[in-house]
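This report examines how one protein chain is arranged. Please look at the sequence and the model below before reading on.

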Amino acid sequence: MSDGQIPLKDTTKVPGGHGLLQSIFRNSLGLGLFAVFTVGLISVTWVSTHERIETQVRAYEAKALMEILPADTHDNALVDAKILLEPSHLLSSQEQREAYIALDDGEVSAVILPVTAPDGYSGRIELLVGIHRNGTLAGVRAITHKETPGLGDKINTNVTDWILGFAGKSLGNPITEGWGVKKDGGEFDQFTGATITPRAVVAAVYRALQYFEANRNLLLDPLRMTGIREEIQYGQ
Ligand SMILES: Cc1cc2nc3c(=O)[nH]c(=O)nc-3n(C[C@H](O)[C@H](O)[C@H](O)COP(=O)(O)O)c2cc1C
């Protein structure tokens with residue numbers, strides 16, 4: 001290098017090329033194993049969390065059933081008396097869902113319908129809506145939702161009593177115009193700074209009453225407690 005230039009490195013020849021391949025292989029294997037381990041860990045966490053949430057939802061649902069229809073209103077075990085409802089736009093259900101049947105002396109005294117309010121502030125609000133055989137509401141409870149704490153979560157009975165206000169109401173009480181929040185000219189209170197959640201719940205409860213009315217004979221017939229199919233269109 002008499003002219004003072006720095007010699008260029010020959011990149012075509014890798015010293016110890018065999019070792020480099022081994023190193024790449026080792027690193028790839030390490031990364032692969034790490035990925036498999038991470039995916040496995042996430043899966044195990046998801047399954048156990050999912051199961052725990054499911055158990056909590058079931059427990060909450062069982063508690064809600066007994067609150068809506070206390071033991072002295074029926075003589076059967078509600079959790080054991082379930083019927084399958086076909087998908088229905090009135091219940092906002094896309095798949096078959098289970099409803100609970102309360103019996104009193106061999107007669108259906110009330111039903112508890114699973115109802116979705118699809119238009120909550122943060123998505124779906126799952127409700128249980130209890131309806132006496134005469135069409136009056138036994139009670140409503142929110143089972144799962146993602147509404148905002150301090151705003152939309154006032155539909156929970158451990159936050160406010162708002163949802164208890166449905167008991168005793170029916171399709172004709174109030175009349176159709178009353179089935180909305182006060183801000184929309186209806187009878188039900190909205191929450192301060194939160195109208196979307198109660199609006200969605202009021203509308204869903206009203207649709208549940210319409211569903212009950214449309215399927216009354218099937219729902220109240222203890223001998224036909226399976227395969228109830230909604231044939232009447234919403235609004236008809
Ligand atoms: C972060 C955040 C969370 C909110 N959460 C809710 C909620 O859970 N339920 C609700 O009804 N409104 C919620 N609101 C308020 C709504 O955006 C809306 O302003 C309110 O429901 C009033 O609706 P209205 O203008 O139709 O009367 C939230 C607003 C913000 C900024």
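## Contacts of Ile-112

Apart from its neighbours within four places in sequence, Ile-112 is in contact with Leu-65, Ile-68, Leu-69, Ala-99, Tyr-100, Leu-128, Val-129 and Gly-130. Two residues are in contact if their C-beta atoms, placed from the backbone, lie within 7 Å.

This is a predicted model, in which local features need pLDDT of at least 70 and side-chain atom pairs count only at pLDDT 80 or more, while totals for chains, interfaces and linings use all residues. Residues are numbered from 1 along each chain as its sequence is written.

## The chain as a whole

The chain has 3 helices and 5 strands, in the order α-β-β-β-β-β-α-α from the N terminus. Helices (H or I, at least four residues) and strands (E, at least two) are DSSP runs, numbered from the N terminus.

Of the 236 residues, 29% count as buried. A residue is buried if 20 or more other C-beta atoms lie within 10 Å of its own, exposed if 12 or fewer, and partly exposed in between, with C-beta atoms placed from the backbone. Among contacts with a separation of 6 or more, 50% join residues 24 or more positions apart.

## The nonpolar core

A nonpolar core is a set of buried Ala, Val, Leu, Ile, Met, Phe, Trp, Tyr and Cys residues joined through C-beta atoms within 7 Å. The largest one has 46 residues, of which Val-111, Ile-112, Leu-113, Leu-127, Val-129, Val-205 and Ala-208 touch the most other members. Two or more residues each come from helix 1 (17–68), strand 2 (97–104), strand 3 (107–120), strand 4 (123–132), strand 5 (137–144) and helix 2 (196–214). Helix 2 gives the largest share, 10 residues. In soluble globular proteins, nonpolar side chains tend to be buried together.

## Strands 4 and 5

Strand 4 and strand 5 pair in the antiparallel sense over 6 bridges; two strands pair if DSSP finds at least two bridges between them. Val-129 stands opposite Val-140 in strand 5. The two strands form a hairpin with 4 residues between them, and Gly-135 in the turn has a positive phi of about 90°. Strand 5 is mostly covered, with 6 of its 8 residues buried.

## Ile-83 in strand 1

Is Ile-83 buried or partly exposed? Ile-83, found in strand 1 (residues 82–85), counts as partly exposed because it has 19 C-beta neighbours inside 10 Å. Ile-83 and Arg-97 are 14 residues apart in sequence, and their C-alpha atoms are 8.2 Å apart in space.
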